[in-house]
Amino acid sequence: MKDQEKNFEGLAFEVSNLSTQKRLAASVLKCGQRKIWLDPNEATEISQANSRQNIRKLVKSGLIFKKPQASHSRFRIREHAAAKRLGRHSGHGRRKGTAEARMPTSLLWMRHMRVLRNLLRRYREQNKINRTMYHELYLRSKGGAFKSKRVLMEYIHKKKAEDARNKELEKQTEAHRLRNKAARERRAERIAAKRDALLNAD
């Protein structure tokens with residue numbers, strides 16, 4: 001038992017004496033001492049190395065080497081982010097700011113306006129709406145008349161159909177007016193012809 005204790009003390013003494021070699025190895029390998037690995041089976045040989053040149057030889061032989069960089073796993077972070085995308089971890093206990101701070105209404109309004117204005121600009125470039133209708137709908141959008149792009153598109157289709165119907169009605173009304181005017185003129189001509197015929201008969 002005493003012999004084992006002596007051996008253990010001797011080993012501990014040898015290992016503790018390798019601090020100089022660890023310091024030299026850290027200097028040679030350009031890293032911290034906690035990154036240096038010394039082969040515990042070759043403690044005696046390593047303890048005899050008292051210069052940087054000897055340390056370099058031990059590094060070349062593989063008795064001393066620099067531990068690899070410990071990786072910082074992102075598994076848990078990715079897992080948490082995937083859960084947040086599903087709506088988890090967003091309860092009242094997780095919230096630090098007000099609703100306005102977390103998602104400003106001004107930002108929502110800007111996004112809303114950009115969607116509507118992009119649609120109007122595209123429709124104008126494709127000649128689906130004219131400049132007058134574009135300006136009217138631009139101002140109505142700014143006033144909050146359309147809550148979504150779908151509502152705006154439905155309004156445009158309805159407005160175009162209504163305008164086409166009004167134009168057709170105006171065309172029919174104009175044709176009816178011209179027809180009545182021509183009929184009145186023919187009637188006036190007939191009356192004038194009869195009057196002339198009566199006067200000539202007298």
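**A tour from ring to ring**

Select Arg124 and Tyr134. Arg124 lies over the face of Tyr134, 4.1 Å from the ring centre. A charge counts as over a ring if NZ of Lys or CZ of Arg is within 6 Å of the ring centre and within 35 degrees of the ring normal.

Before moving on, note that this is a predicted model: local features need pLDDT of at least 70, side-chain atom pairs count only at pLDDT 80 or more, and totals for chains, interfaces and linings use all residues. Residues are numbered from 1 along each chain as its sequence is written, and side-chain values use heavy atoms, with hydrogens and water left out.

A pair of aromatic rings is described by the distance of the centres and the angle of the planes. Rings of Phe, Tyr and Trp (its six-membered ring) pair if their centres lie within 6.5 Å; planes under 30 degrees apart count as stacked, over 60 as edge-to-face and the rest as tilted. The count by this rule is three aromatic pairs.

Select Trp37 and Phe65. Their pair is stacked, with 4.7 Å centre to centre and 25° between the planes. Trp37 lies in strand β1 (residues 36–38) and Phe65 in strand β2 (residues 64–66), so the pair ties together parts 28 residues apart in sequence. Helices (H or I, at least four residues) and strands (E, at least two) are DSSP runs, numbered from the N terminus.

Buried means under 20% relative accessible area, exposed over 50%, and partly exposed in between (1.4 Å probe, protein chains only).

**Stop three: back to Tyr134**

Tyr134 is buried at 13% relative accessibility. Tyr138, at 25%, is partly exposed.

**Last stop: the whole chain**

Zoom out. The chain has nine helices and two strands. Along the sequence they follow the pattern α-α-β-α-α-β-α-α-α-α-α. The C-alpha trace spans about 165 × 40 × 25 Å along its principal axes. Of the 202 residues, 16% count as buried.
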